[in-house]
Amino acid sequence: MRNKVNLAKDKFMTGVFYAVAGFFLLLLFAFAGYVIIKGFGGAKLYMFSFTRSGIGNQFFNTVYLVFLSLVISVPIGIMAGIYMAEYAKEGKITKFLRICIETLSSLPSIVVGLFGYLVFIVATHQQWNLFSGALAVAILSLPLIATTTEDAFRSLPDSYKKGSIGMGATLRQTIITVLLPAAAPRIITGVILAAGRGFGEAAALLYTAGMSTDINWSSWNLASPTCALNPFRPGETLALNIWASRTEALGADATQIANLSSAVLMVMVLAFSLLAHVLEHRIRRNMGEKA
Amino acid sequence: MTDTAAGAVNRKNTATAEQMDFKTKEGIWKVLVIACGLLMIILPLAIGAFLIYRGGATFTKYGHSVLKFLFSSNWNPADDMNGGGHVGAAVYIVGSLVTCGLALLISVPFSMAAAIFMTEIAPKTGNKILRPAVEIFVGIPSVVYGWIGLTILVPFIRKIFNLNQGFSVLAAGIVLAVMIFPSITTLSADAIRSVPISARKAAYGLGATRWQVISGIVVPAAQPGILTGIILGLARAFGEALAVAMVIGKTRSLPKSILSPTTNLTSAIASDMGGAMEGGEYNAALWSMALLLFIISLLFIFLVHFVAMKGAERNKK
């Protein structure tokens with residue numbers, strides 16, 4: 001009798017698990033599909049333009065800002081990861097360093113944004129600018145890049161390092177010519193993930209990159225405040241554009257524009273996540289073949 | 001690749017000028033690596049120091065008590081350097097706590113079920129479809145969640161509950177729940193997966209059903225890891241700013257029910273910091289909120305370590 005009850009319970013719970021899993025898959029796909037279809041479905045051609053009425057400029061700002069932030073965070077993050085994997089000796093300082101990185105990675109992005117606002121905008125008497133935004137996003141992506149680099153280095157076979165050192169190379173030469181190239185695919189996966197996160201970042205940019213954008217595509221003077229490539233101009237990103245359209249209905253089409261921004265962001269983020277996933281899958285397969 | 005390294009070493013032995021060059025290169029490299037490592041320590045410390053410096057002004061320069069800031073709901077800071085206003089942030093703090101609590105209540109059961117499904121019930125489908133899908137959804141920007149919440153969820157809640165407006169604790173809770181679901185699920189699944197197979201086999205061997213194995217053996221064994229996932233999810237929910245700000249209603253009153261609008265710490269900072277005078281009392285009070293957020297996120301990290309330590313102790317026994 002008890003056995004029967006247990007079996008029935010087991011069947012019931014299995015059903016519940018299937019239902020929950022199915023429900024979530026459905027919800028996730030419906031969510032992504034809805035955002036993308038609604039955004040592109042309601043878009044008019046002028047909304048894609050690189051003018052005030054389109055989101056082209058915001059799109060450019062998003063990509064440019066993430067690019068700038070990676071230029072800053074990738075070298076520093078990789079070096080920090082190398083320090084942790086190859087130089088740091090286990091002890092109190094390394095333990096503290098790990099807690100610091102953990103702290104950095106779990107900081108609310110708005111707090112990092114405020115820090116950026118204070119240090120890069122208020123202290124330097126600057127206007128909102130892309131470069132400050134890029135610095136704030138760089139701070140947010142540093143822990144991810146540093147930890148993936150460390151993991152990538154640690155997962156390499158010991159023989160790589162031993163072989164190179166045995167040939168008489170110094171640790172620096174070994175790292176640059178042997179370990180770093182071998183660890184590169186994994187690090188790149190981390191960087192792609194960081195870029196994907198950067199695209200969607202908004203809270204950290206609120207008080208750093210600013211909420212306006214004014215690009216004159218015929219001006220290529222880097223010092224001009226309307227030159228696209230000038231990093232010291234205000235630059236509203238797609239994510240900020242969505243935030244801005246929540247209340248201030250700037251035009252009759254503000255909702256449509258925000259829908260389109262969401263859809264474009266969604267596509268960018270999904271593409272980068274998928275890319276990272278495929279890359280990781282490939283690395284895993286290669287490692288499997290070697291082992 | 002090792003050839004070039006060995007070649008460099010050979011060259012080093014032949015030329016003294018190059019040897020000097022080589023030595024400086026090694027030196028610069030080492031300094032750079034250590035500097036980057038140190039930067040990871042300096043950054044969070046600097047952020048903390050600045051927050052204490054700016055957020056502390058509320059309590060030092062403007063002379064408010066910490067207890068009043070935390071527990072009074074009288075919020076009326078002066079937007080100038082003279083001060084004399086009230087900085088009771090209780091409404092904001094309660095708003096943050098209530099929305100995050102609700103988000104956890106909604107997402108933890110679902111996350112647990114999804115995590116168990118992809119590890120214990122259907123590992124193949126779980127690993128091939130559910131896990132990648134969940135991982136991809138970790139990266140969806142929070143503003144997109146907020147925007148969908150604003151355009152779909154808020155009107156929906158208004159309609160279904162016949163309210164004047166749909167901005168509510170419920171809307172914020174749901175948006176946060178959807179946001180933190182993927183992180184809790186992946187971390188819980190990792191924890192469940194690391195429970196040794198032998199524990200399961202022993203239980204099955206004794207005639208236990210799958211549900212008995214899951215509820216009696218696997219989940220209790222994975223508890224520290226699951227708890228870590230929940231804490232990190234909570235930390236993410238606590239720090240989330242814009243998605244919540246878009247659906248919470250930003251009404252400065254304590255919520256009467258989950259259907260009433262309120263406000264929270266992050267949305268106050270996000271929407272009011274730009275308008276507050278630099279260095280004024282209002283500005284300082286907002287910085288104190290940011291400091292509070294910083295302290296709370298430190299607290300979460302401490303909790304994670306505490307849980308991990310307890311888990312390790314338990315496993316030793």
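Colleague: Where is A:H125 placed in chain A?
Modeller: A:H125 sits in the loop between α4 (109–122) and α5 (130–154) of chain A, where helices are DSSP runs of H or I with at least four residues, strands are runs of E with at least two, and both are numbered from the N terminus. This is a predicted model, in which local features need pLDDT of at least 70, side-chain atom pairs count only at pLDDT 80 or more, and totals for chains, interfaces and linings use all residues. Residues are numbered from 1 along each chain as its sequence is written, while chains are lettered from A and ligands numbered from 1 in the order in which they are written.

Colleague: And is A:H125 buried or exposed?
Modeller: A:H125 counts as exposed because it has 6 C-beta neighbours inside 10 Å; the rule is that 20 or more other C-beta atoms within 10 Å make a residue buried, 12 or fewer make it exposed, and anything in between is partly exposed, with C-beta atoms placed from the backbone. A:H125 also has a positive phi of about 55 degrees, although it is not a glycine.

Colleague: What is phi like at B:N162?
Modeller: For B:N162, which is not a glycine either, phi is positive and near 55 degrees. B:N162 belongs to the loop between α6 (142–160) and α7 of chain B, and it counts as exposed because it has 7 C-beta neighbours inside 10 Å.

Colleague: Changing topic, how many residues of chain B are in contact with chain A?
Modeller: On the chain B side 66 residues are in contact with 76 residues of chain A, a contact being two residues whose C-beta atoms, placed from the backbone, lie within 7 Å. Helix α2 (residues 16–55) of chain B gives the largest share of the chain B side, 15 residues. By class that side has 50 nonpolar, 11 polar and 5 charged residues, where Ala, Val, Leu, Ile, Met, Phe, Trp, Tyr, Cys and Pro count as nonpolar, Asp, Glu, Lys and Arg as charged, and the others, Gly among them, as polar.

Colleague: Which residues does B:I121 touch, sequence neighbours aside?
Modeller: Leaving out neighbours within four places in sequence, B:I121 is in contact with A:T14, A:F17 and B:I116. B:I121 lies in helix α4 (residues 90–121) of chain B and counts as partly exposed, because it has 19 C-beta neighbours inside 10 Å.

Colleague: What about domains in chain B?
Modeller: The assignment, which is automatic or from a database, gives domain 1 (3–55) and domain 2 (86–316) of chain B. Their centres, taken over C-alpha atoms, are 39 Å apart, and the contact takes 5 residues from domain 1 of chain B and 6 residues from domain 2 of chain B.

Colleague: How many helices and strands does chain B have?
Modeller: Chain B has 13 helices and 2 strands, and 47% of its 317 residues count as buried.

Colleague: Where are the buried residues in α12(B)?
Modeller: Helix α12 (residues 265–272) of chain B is mostly covered, with 6 of its 8 residues buried, namely B:L265, B:T266, B:S267, B:A268, B:I269 and B:A270. B:M289 is in contact with B:L265, B:A268 and B:I269, among others, when its neighbours within four places in sequence are left aside.
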